[in-house]
Amino acid sequence: MPAILLFVSGAASLIYQVIWIKQLSLVVGIDVQAMTVGVSAFFIGLAAGNTLFGRIADRVASNVAHRSTHPSPHQLTRQLTCDPDAEPRADGVLSRLWLLYGMLEAGIAVMGPVTTHALPQSAWLFAVLQQHAAALAWCLPVALVGIPACLMGGTLPVMLRVTLSSSAGTLASTQDDKPTEGLGRLSGVLYAANTAGATIGTLAAGFVLIHQFGVSGAAWFAAALNVAAAAAACGASRIFRSRLVPGDRVLSVGRVSVPVEFHAPSEPNAPADPDHSAHTPNASLIRAAWLYAIAGGVAMGYEVVWAQAMAPLISTRAFAFTVVLATCLASMAIGSALAQRFVGRIHDPWRAFGFLVAFAGLISMLGLAGIGPFLMDIQAGVRAWVLATWGSMSLAMCVGFLVVALWLAAAPTLLLGAAMPFLTESGASHRRPAGDVGLLVAANTAGGVAGTCTSGFALIPALGVVRTLGLLACMAALTGLVAAWQGWPAVRSQARSEAWSDTRSRGQFQGAKHQFAGLFIGLAFVLTGALVVTTPADHLARVLIGVHGGTLISYEESAGGSVAVVEQRSQTQDFRRLYIQGVSNSGDALTSLRYMRLQTLLPLIVHTGEARSVLVIGAGTGITAGATLVWPGLEHRVVAELLPAVIRGIPEFHGNFDMGHDKRIEVRLRDGRRELLSREEQYDLITLEPPPPSAAGVVNLYSSDFYRIAASRLREHGIVAQWLPLSTQNEADTRSLIASFIQTFPYASLWTTELHEMMLIGSNEPIELDWPTIVHRMSDPQVASALHDVGVASPEAMLATWVTDQSGLAYYVADASPVTDDDPRIEYAPWVRRDAFASTLTHVLALRGPPPLSNASSTQRLAVDRETTTLHTFYRAALDAYRGDRDAWAADMDEVMQADGTNPYYRWFNAR
């Protein structure tokens, strides 16, 4: 039962971790520094729980054992006279330990949903505190996440003590401080079970729970698992308590029969519990803790590197990260489960630990160096086979992610998981088994926090991904050498002691094996160094070009991810594209210029008042923000961008009016939601061009909760303009996105800014489309030129992009559920179907109606209708192309070119 309960507990813990990391982004933002601090709070809580509750479990066991083995004369009389309140030692300890475990699980069941609900509610308080007392502000998420995480950290050492108490047959405190045989094997089994449960919890949260039940529903599901584990533990406690009978008898504990013996204390003034004296960790434990801390830092550094190394070959969808995390956890569980079978057979666990850690680093470096065309061909082939066999694009994509995760991370994490039982065997003792194992796991967790921060914030920006992984792998090899050296004195002592016995040859053989192990670890260090030297520092940039083609213009690896500018070519022109974490985010092709300039200029043109301030969320290529520079009368232009590398890449793109060097634009390095929460500034226009809503973490900028924040930061007649891509999600998810918007803004409308892109415009007040005002604003030379270049040469052409108003959107949305912070369905939605875009565009365009113009003549309205007909004929031609009907495409495009043959937007498509 212990392994089963730890499996259940591990599953619940990872469900919480997944949803809390997501909730933390609502509080501290999605920038890397903030998220690292938030996630570190979770791991620090785990480390504290491992240490604290490991000691408590040992103390519970030693207290009861001492009371049984050293009874007072009164207690001895009660036991010998069959007093029903007397307690034999084994059942008493097990009863209390099971109760302690049940209390931990019950505490998690209570605190888990409370933290899940409290995190998003605390966002405003965090923002206020950060302005006045930054250190105090960070205490808020640390406390909310750290307290339940501390309880989670206590489950493994407490269950280890339960299992030891059940199998060892004696619970009396031992004075033996030496490493105890079998402890590594037992800890390996429990660690494997706990990690296997974590794997299932990760998959359940990412693929089922959040999408089906929302964040709160997932938390309640995890709490139900904790309640079940708590009930089972409390039931076990009651069973053992019910078996407590007086007298001298034999207790059956597991498969071991334990004689109950009573001994009077040797000294009348003996302390109540000698094992309560301060427990000073032995030298082996201290060395093991330090080595495991370094190994934890290296392992978490690997994960930071892998996240960027995999980027060109996987997606930014939450599914991709779920598959990669589950692969790492499953590999660690398998490694630990396999290793526990060999712990008792290997005479020098230090050597085994060093060997595993060193070769994990070597294999990591081999995997990174091996990323290239061969791996891409395997991934494409497997993906195509899965799609042809099962017909599921979601399954095919996830299997493709799995191929990359297996290539890069599976073998190293398997070896690292196998290292844990050997190190436990080397350092932990039976004097304080739970405390010692808890200390080791805590050291590993603390090292992981340090490794994450150091790798992400210092090493990658300074050395790049390839050199960072090389440094970590070399550190792993050195750690392995140190570990092997720790075991050498014991091996040498064994060889000397056996020198004059009949086992002399066996002792010499053990010494020779140790020397060979040291040589192999040294060889791993040399090979790792050779790979570091021979692997180009820009290896991942070359992989990116191999995947997407083109010429690399700039490439930067930073804590927030890789940012690349790549020049590519269509049939008619060259253009540049922005890749963040290997995924295309935008570019400066004419199609991109069109929708991004309209993303700023169109809402300014239809603004009821006079706009003086603009907030652009997401810098991208700088085109949306640069369009603010041509608008007369703006006094305050602010851009909120997450990644400094994106800002540094803006000068490489055309069409942004050199906004990267223009002092009239204030750039704030912060995610958009945190920018709005942390300041009371109000704007006439808030325009958003974030990554697609299906990308992990970006849904925070598409939820109804976010729109309420944005609405509160609008001046009178202020407008929020939201980019709405149609090709990045299925139609049901598009309807949910629109439902979120119209749920917040009572006056909303939909505009089509490009074939694949639309724009939602919303306000707290009515937006009047006044013809004279629109004509006047578009007559400004700079505005007119910026729009003419992208195919919007007149007020009629701009008004032709109108689709529908609030009522039309409400009709289209029907009963679709809105996207909320608690129900971020779009992030976990199924993969986009091949026919999704054509179907969505057809249904959305069917909503088209005449724009509600005021002060416009019938002639002017007819001119708008002609422009609208031409634009929609072009869209019909595009749908012909998606259906593969080339004749219909040609006929429709001929009609478009006859109506407006000089339009650069139509010409760009017609020439392809």
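**Aromatic pairs**

Start with the rings: the chain holds 25 aromatic pairs, where rings of Phe, Tyr and Trp (its six-membered ring) pair if their centres lie within 6.5 Å. Planes under 30 degrees apart count as stacked, over 60 as edge-to-face and the rest as tilted.

Select Trp 20 and Phe 42. Their ring centres are 6.1 Å apart and their planes stand at 70 degrees, so this pair is edge-to-face. Trp 20 belongs to helix H1 (residues 2–28) and Phe 42 to helix H2 (residues 32–69), so the pair ties together parts that are 22 residues apart in sequence. Helices here are DSSP runs of H or I with at least four residues, strands are runs of E with at least two, and both are numbered from the N terminus. Colour by accessibility and you will find Trp 20 buried, with a relative accessible area of 1%, and Phe 42 buried as well, at 5%. Buried means under 20% relative accessible area, exposed over 50%, and partly exposed in between, with a 1.4 Å probe and protein chains only.

A word on what you are viewing: this is a predicted model, in which local features need pLDDT of at least 70 and side-chain atom pairs count only at pLDDT 80 or more, while totals for chains, interfaces and linings use all residues. Residues are numbered from 1 along each chain as its sequence is written, and side-chain values use heavy atoms, with hydrogens and water left out.

**Around Tyr 905**

Next, jump to Tyr 905, in helix H30 (residues 904–910). Is Tyr 905 buried or exposed? At 0% relative accessibility, Tyr 905 counts as buried.

Widen the view to see one aromatic cluster, formed by Phe 874, Tyr 875, Tyr 905, Tyr 906, Trp 908 and Phe 909.

Now show Arg 594. Its charged end sits over the ring of Tyr 905, 4.1 Å from the centre; the rule asks for NZ of Lys or CZ of Arg within 6 Å of the ring centre and within 35 degrees of the ring normal.

Which other residues does Tyr 905 touch? Leaving aside neighbours within four places in sequence, its contacts (heavy atoms within 4.5 Å) include Leu 590, Thr 591, Glu 754, Leu 755, Val 790 and Gly 791. For Gly 791, try the distance tool: its C-alpha atom is separated from that of Tyr 905 by 5.0 Å, though the two residues are 114 apart along the chain.

**The eight-stranded sheet**

Switch to a cartoon view and pick out the open sheet of eight strands, which run in the order E9-E8-E7-E10-E11-E13-E12-E15 with mixed pairing. Two strands pair if DSSP finds at least two bridges between them. At the edges stand E9 (665–669) and E15 (802–805), each with a single partner strand, so one side of each is left without a neighbour in the sheet. On average, neighbouring strands of this sheet are turned by 20 degrees against each other, direction ignored.

Select E7 (residues 613–617) and E10 (residues 683–688), which pair in the parallel sense over four bridges. Here Val 614 stands opposite Leu 685 in E10. Then bring in helix H22 (residues 731–744), which packs on the sheet and touches E11 (714–725), E12 (747–754) and E13 (757–763). The direction of H22 makes about 175 degrees with that of E11; axes are lines fitted to C-alpha atoms, for helices over the stretch in contact, and angles run from 0 to 180 degrees between N-to-C directions.

**The four-stranded sheet**

Move on to an open sheet of four strands, ordered E3-E4-E5-E6 with antiparallel pairing. Its edge strands are E3 (551–558) and E6 (583–587), each pairing on one side only. Inspect E4 (residues 561–569) and E5 (residues 574–580), an antiparallel pair with seven bridges. Val 565 stands opposite Leu 578 in E5.

End at Gln 581, in the loop between E5 and E6. Gln 581 counts as buried at 19% relative accessibility. Beyond neighbours within four places in sequence, its contacts are Ala 307, Gln 308, Ala 311, Pro 312, Gly 561 and Ser 562.

**Zooming out**

Show the whole chain again: it has 30 helices and 16 strands, and 58% of its 912 residues count as buried.
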